[in-house]
Amino acid sequence: MLLVVTYSRAARRDLRNACRAHEGCVVRQFGRAALFSGTEFGAFQALRLHEKHGLDVQIEHVEPFEPADVPEHVREAAKRYEARTEPATPYERFASSRDLPGPEQLRGVDL
Amino acid sequence: MKLRVAGTTYTGTVVDLRTRPIDGTALAASIRGQRCLPAVACPEPSSVYAYAGHVRPSMGLRTRTALAAAARSQGHGTPQDEAIAECCAKLTELDCSPPDLPDPVDPVPEATVDDLQETVAAHRGRLTARREVGAEEEAVRAALRDAAMELSERETRQAAARETRELRRERARAYRDTLEERRRLSDELANLRRCARATLVDRCADAFARAVETVPGAVPDDPFDADPVTAALAVLRVARTPAPVVLETGRFGTPAAASDCLDAPVVRC
């Protein structure tokens with residue numbers, strides 16, 4: 001899919017109009033952003049906005065995500081941290097006393 | 001004030017142009033310095049003139065905004081003024097011009113490079129084999145050289161394409177960060193101005209209510225419900241008004257009475 005984000009009022013207005021006129025290629029619309037379907041038509045609509053508004057329109061490729069796409073230890077960390085008994089514990093402290101990766105360690109690794 | 005209309009010069013605090021064919025809107029714009037003609041010489045008008053400088057039956061008025069401008073003309077400040085100035089300064093400092101991006105380069109597909117690497121390896125193997133059996137190797141050597149050269153060229157182009165892509169993304173991101181910052185500052189500025197306006201309106205609300213009762217026109221229960229002409233006249237009475245006010249309303253008996261009531265120079269047309 002394509003994520004289209006607008007950075008000016010005019011671009012935002014045209015994005016809204018494009019979404020209204022071509023519902024078929026819009027997966028989801030947010031305030032000043034929208035997800036277009038990953039089709040040539042979706043790309044065509046996104047590129048039209050880009051042609052008109054230049055860098056005020058950002059287009060990114062978005063891939064579907066499943067938790068299983070992420071390494072086991074990351075999933076485990078999220079699961080156990082959300083099941084913590086003391087809500088005020090920051091993750092760093094939570095991880096250090098357990099067999100879990102610290103936040104710095106996670107930051108340093110690309111998916 | 002000094003005013004020149006169609007060859008006649010008028011001076012004084014009250015000018016009556018009811019018998020002259022003059023456009024009040026043009027005159028008010030001249031007073032605000034947005035037009036050259038008719039020629040007007042007068043003190044600098046404050047921002048309140050943008051709202052109430054031309055009083056006419058067809059006018060609309062954002063009463064609270066106009067009253068806040070009137071409070072400013074009286075020299076009132078607000079606790080937000082410093083933050084507003086700071087915010088404005090930051091906004092003008094932001095360079096929001098779009099950056100120049102290097103032209104996009106067509107990416108070299110990973111598969112092309114992989115294929116070439118395989119070809120080079122195959123040629124190399126063939127060359128070794130021929131050398132071992134003592135066969136003629138010149139043709140294979142040439143093929144290897146060509147393939148290796150093409151591979152290196154493709155790899156260079158691939159690296160250049162990747163670099164250009166990175167650079168384009170980096171610059172675009174920096175530009176969009178600036179736009180985000182501008183959006184954040186504009187929101188903050190709008191909030192601060194709303195707060196400041198509320199403070200100013202509060203401060204002048206009593207004076208405004210008294211003014212609504214004093215100027216000619218209907219007096220509603222809530223002074224802020226007054227019709228635009230009444231409200232504009234009341235705002236002018238509250239404001240400091242060194243520059244002439246253009247009146248296109250018959251609310252006052254005479255232009256001189258209007259000038260007295262509003263404590264302002266008046267052009268009646």
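This is a predicted model: local features need pLDDT of at least 70, side-chain atom pairs count only at pLDDT 80 or more; totals for chains, interfaces and linings use all residues.

User: Okay. What's the strand order in the chain A sheet?

Analyst: The order is β2-β3-β1-β4 in chain A, an open sheet of 4 strands with antiparallel pairing. From one strand to the next the twist averages 20°.

User: And which strands stand at the edges?

Analyst: In chain A those are β2 (26–29) and β4 (57–61). Each has a single partner strand, so one side of each is left without a neighbour in the sheet.

User: How many bridges join β1(A) to β4(A)?

Analyst: There are 5 bridges between β1 (residues 2–6) of chain A and β4(A), and the two run antiparallel. One spot to look at is V5(A), which stands opposite Q58(A) in β4(A). On the β3(A) side, β1(A) has 4 bridges, again antiparallel.

User: What does L3(A) pair with, then?

Analyst: In β3(A) its bridge partner is L35(A), and in β4(A) the bridge partner of L3(A) is E60(A).

User: Which side chains of β1(A) are buried?

Analyst: L2(A), V4(A) and T6(A) are buried, and they point to one face.

User: How far does α1(A) reach from its first C-alpha to its last?

Analyst: α1(A) reaches 18 Å over its 13 residues, close to the 18 Å expected at 1.5 Å a residue.

User: And which of its residues are buried?

Analyst: A11(A), L15(A) and A18(A) are buried in α1(A). Looking down the axis of α1(A), the buried residues fall within an arc of 65°, so they line one face of the helix. In general, an α-helix has 3.6 residues a turn, so residues three or four places apart point the same way.

User: What covers them?

Analyst: The cover over the buried residues of α1(A) includes β1, β3, α2 (40–53) and β4 of chain A.

User: What about the face turned away from the buried side?

Analyst: That face of α1(A) carries exposed residues, namely R9(A), A10(A), R13(A), N17(A), R20(A) and A21(A).

User: Last topic: how many residues of chain B are in contact with chain A?

Analyst: 5 residues of chain B are in contact with 4 residues of chain A. On the chain B side, the residues divide into 4 nonpolar, no polar and 1 charged.

Definitions and conventions. Residues are numbered from 1 along each chain as its sequence is written. Chains are lettered from A and ligands numbered from 1 in the order in which they are written. Two residues are in contact if their C-beta atoms, placed from the backbone, lie within 7 Å. Ala, Val, Leu, Ile, Met, Phe, Trp, Tyr, Cys and Pro count as nonpolar, Asp, Glu, Lys and Arg as charged, and the others, Gly among them, as polar. Two strands pair if DSSP finds at least two bridges between them. Axes are lines fitted to C-alpha atoms, for helices over the stretch in contact, and angles run from 0 to 180 degrees between N-to-C directions. The expected span of a helix is 1.5 Å times one less than its number of residues. A residue is buried if 20 or more other C-beta atoms lie within 10 Å of its own, exposed if 12 or fewer, and partly exposed in between; C-beta atoms are placed from the backbone. The arc is that of the directions from the helix axis to the C-beta atoms.
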